[in-house]
Amino acid sequence: MLTEAASYGGLFVAAFGAATILPFQSELIFVGLQLGSNLPIWALVVVASVGNTLGSVVNYALGAGLEHFRHRRWFPVTEAQLDRAQRWYAKWGIWSLLLSWAPLGDGFTVVAGIMRTPLWLFVLLVALAKTGRYIILAWLTAATLG
């Protein structure tokens, strides 16, 4: 059996990777640890949430770095489109970060970096969304599989 540190470390790495553009899945590891270990559920939620949120911060940084190339010919949108998107995002888009837990949510976190969302607000909304997802996953697992 894995040690506690290895279990938490593996969950952290999987959750971190799942939040980036890499093809990871943390839910299977989370549920496996919930059902197959004596680790406290609250600790699994905390480790997975922190890892997943930090992975989203990597996406944010990628977006912020990508924005520096906005004047390059190969940049995927025009200056006018980017300005319009930034105005829309400033008004409504930050709330899309509450969907950062969803399959396409990684894209929202990259866009947040491009749009220069204040980092504190980004982390707050993403952490809320990611933590909520793991709490619901833990509850559904317990309710369904005992």
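I began with the largest nonpolar core, which has 15 residues; Tyr-8, Leu-11, Phe-30, Leu-44, Ala-48 and Tyr-134 touch the most other members. I took a nonpolar core as a set of buried Ala, Val, Leu, Ile, Met, Phe, Trp, Tyr and Cys residues joined through side-chain atoms within 4.5 Å, with buried meaning under 20% relative accessible area (1.4 Å probe, protein chains only).

The model is predicted: local features need pLDDT of at least 70, side-chain atom pairs count only at pLDDT 80 or more, and totals for chains, interfaces and linings use all residues. Residues are numbered from 1 along each chain as its sequence is written, and side-chain values use heavy atoms, leaving out hydrogens and water.

I then looked up Leu-44. Setting aside residues up to four places away in sequence, Leu-44 touches Tyr-8, Leu-11, Phe-30, Leu-33, Gln-34 and Leu-39; contact means heavy atoms within 4.5 Å. I also noted a second, separate core of 14 residues, including Tyr-60, Leu-82, Ala-112 and Leu-121.

Next I examined helix H2 (residues 27-36) against helix H6 (residues 119-145): they pack at about 50°, with axes 10 Å apart. Helices are DSSP runs (H or I, at least four residues) numbered from the N terminus; axes are lines fitted to C-alpha atoms over the stretch in contact, and angles run from 0 to 180 degrees between N-to-C directions. H2 and H6 are therefore oblique to each other, since angles under 35 degrees count as roughly parallel, over 145 as roughly antiparallel, 65 to 115 as roughly perpendicular and the rest as oblique.

For the contact, I listed Glu-27, Phe-30, Val-31, Gln-34 and Leu-35 of H2, and Arg-133, Tyr-134, Leu-137, Ala-138, Thr-141, Ala-142 and Leu-145 of H6.

Note on methods. Helix = DSSP H or I, 4+ residues; strand = E, 2+ residues; numbered from the N terminus. Buried < 20%, exposed > 50% of the residue type's maximum accessible area, 1.4 Å probe, protein only.
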